[in-house]
Amino acid sequence: MNEYDSNRILDLTRKINYNLTKNIQEADCYILNTCHIREKATEKVYHEIGRVKKEFRTKKKPIILIAGCVAQAEGEVLLEKEKYIDAVIGPQSYHEINRIILDRENKDKKINSTEFDVIEKFDQLNLVKNSSNKISSFLTIQEGCDKFCKFCVVPYTRGPEYSRSSAEILSEAKQLVENGVKEIILLGQNVNAYSFKNLKLSNLLYSLNEIKDLERIRYTTSHPKDFTNDLIDAHEECEKLMPLLHLPVQSGSTKILKNMNRNHSIEEYLETIEKLKKKKPTIKFSSDFIIAYPGETKSDFEQTVLLMKQIEFINSYSFTFSARPGTPAANLKKIDDKTAKERLFIFQRVADEVKKKYRKELVHSNAKVLFENNARGPNTFFGRDEFFNSVIVNSNENLIGKIKKVKIQSCNQNTLFGEVVLKDKPKECAA
Ligand code: SAM
Ligand code: SF4
């Protein structure tokens, strides 16, 4: 979501004649868009500002803005502690960015803009064309969260759940496709909680499925509790919807899920997976895990490992529990560091084995790959298969923006390597 936000910030600032530079020394304004989901986020900001300070030791400093969730959570403290920062802008206030930059150009007072004004934000953003012309582009449809999982800062930093109007979303999607985008990834902290008037995420998927020249649709991140039957049906019926679903589970133990306030059991999670597999037999899953959540016993942990083996998630993001200030779980007794690290190590080893086995099976098979850009040189191309696996091929033909059948020849932990399958040559007629 930060990547989407950063691109939209760029679209906005273009209106006041700012442009992107890859050379930091040239910058008149430096914007750091931040994430607060796990610890050390604030330290990273101070560290990054230190780096910028060094770059500008002998020159006029740029306007320094800290955007995103660290700005939201630590706004006043950041301004107080690091005088080099000119303004902080929370994730629901970045439509204010041009006013803030212009004010700072005129050396007004330091600015703390951390209101939750999500309606105003999207109203302003709708006036600015989304200029993304990547082959695969994000599109935010929903923001914020009302679920209040006990470990998570999102409800405090991004605010309550808000869904954009479907008309705005479809108009932005069409803009993106006109720019050459072939794949749209719908975004939301709880994307499947999308609800606008009587429209749900499944309605959006059916509408996007009709957009000519849009080839692929994905969405992330879903909450298992909001996985309704109409959405499961959409996986069967929307042929552009890709067969990989990121469905964070966090833990394999119902007791821990309850303690986390996830509002579903492991049995309900497995039921959703089974229903999806029935409707879409090729579907695969990826997930997020929190290891060593307070109160996690050896047996709870083993249930998480078992779940990984049972579902065979083809990708997973796992971290030890990180106590976030202001969240209820921050007050719980932490599992000691040594045990937490050991469990994470064991879990990630199992996850790696699952992934290795899956990737080995892909070698010698064919994949449908949407190519996005050049990889190492002009004749190597990077793309993704239907399951979001990275694929690299060599080719003399420019493959960017095309979907090709690729024979996978080898793989490493992160990338598949292959060659484009050429169409059968017409048989020569016997004389
Ligand atoms: N809304 C999504 C859901 O509920 O599944 C997840 C969004 S959250 C921004 C992304 C991931 O960060 C979570 O799935 C969780 O695994 C991880 N996460 C969030 N807070 C965490 C914490 N305090 N410690 C460790 N991991 C955390
Ligand atoms: Fe955080 Fe997701 Fe839980 Fe919301 S549903 S509080 S975003 S983990």
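**A walk through the predicted model**

Okay, let's start with overall size. A compact globule of 431 residues would have a radius of gyration near 22 Å, and this chain comes out at 23 Å, so the two agree. Keep in mind that what we're looking at is a predicted model. If you follow the C-alpha trace along its principal axes, the chain spans about 85 × 60 × 45 Å.

How much of the chain is buried? The figure is 52% of the 431 residues. And then contacts: take those in the chain with a separation of 6 or more, and 71% of them come from residues 24 or more positions apart. As for secondary structure, the chain has 13 helices and 19 strands.

Let's go to the sheets. One of them is open and has three strands, in the order β5-β8-β11, and the pairing is parallel. At the edges sit β5, residues 136-140, and β11, residues 216-220, each of them pairing on one side only. On average, neighbouring strands here are turned by 25° against each other, if you ignore direction.

Zoom in on one pair in that sheet. β5 runs parallel to β8, which covers residues 183-187, and five bridges join them. If you want one bridge to click on, T140 has L187 in β8 as its partner. There's a helix to look at here as well: α8, residues 201-209, lies across β8 and β11. Against β11, α8 runs at about 160°.

Now for the barrel. It's a closed one with five strands, running β15-β16-β17-β19-β18, and the pairing is mixed. From one strand to the next, the twist averages 55°. Which way do β18 and β19 pair, parallel or antiparallel? They're antiparallel, over five bridges, with β18 at residues 403-411 and β19 at residues 415-420. One bridge to look for there: K407 is partnered with E419 in β19.

I'll finish with two single residues. The first topic is H36. Find the loop between β1, residues 29-34, and α2, residues 41-55, and H36 is in there. Is H36 buried or exposed? Its relative accessibility is 4%, and buried means under 20%, so H36 counts as buried. Leaving out residues up to four places away in sequence, H36 touches A41, T42, C69, V70, A73, E74, V153, T157 and R324.

Then there's D11, in helix α1, which covers residues 2-14. With a relative accessible area of 6%, D11 is buried too. What does D11 touch, again not counting residues up to four places away in sequence? The list is V128, K129, N130 and S131. And look at S132 while you're there: D11 and S132 are 121 residues apart along the chain, yet their C-alpha atoms are separated by 8.9 Å.

That's the tour.

Technical notes: Residues are numbered from 1 along each chain as its sequence is written. Chains are lettered from A and ligands numbered from 1 in the order in which they are written. This is a predicted model: local features need pLDDT of at least 70, side-chain atom pairs count only at pLDDT 80 or more; totals for chains, interfaces and linings use all residues. Side-chain values use heavy atoms; hydrogens and water are left out. Two strands pair if DSSP finds at least two bridges between them. Helices (H or I, at least four residues) and strands (E, at least two) are DSSP runs, numbered from the N terminus. Axes are lines fitted to C-alpha atoms, for helices over the stretch in contact, and angles run from 0 to 180 degrees between N-to-C directions. The radius of gyration is taken over C-alpha atoms; the globule rule is 2.2 Å times the number of residues to the power 0.38. Buried means under 20% relative accessible area, exposed over 50%, partly exposed in between (1.4 Å probe, protein chains only). Contact means heavy atoms within 4.5 Å.
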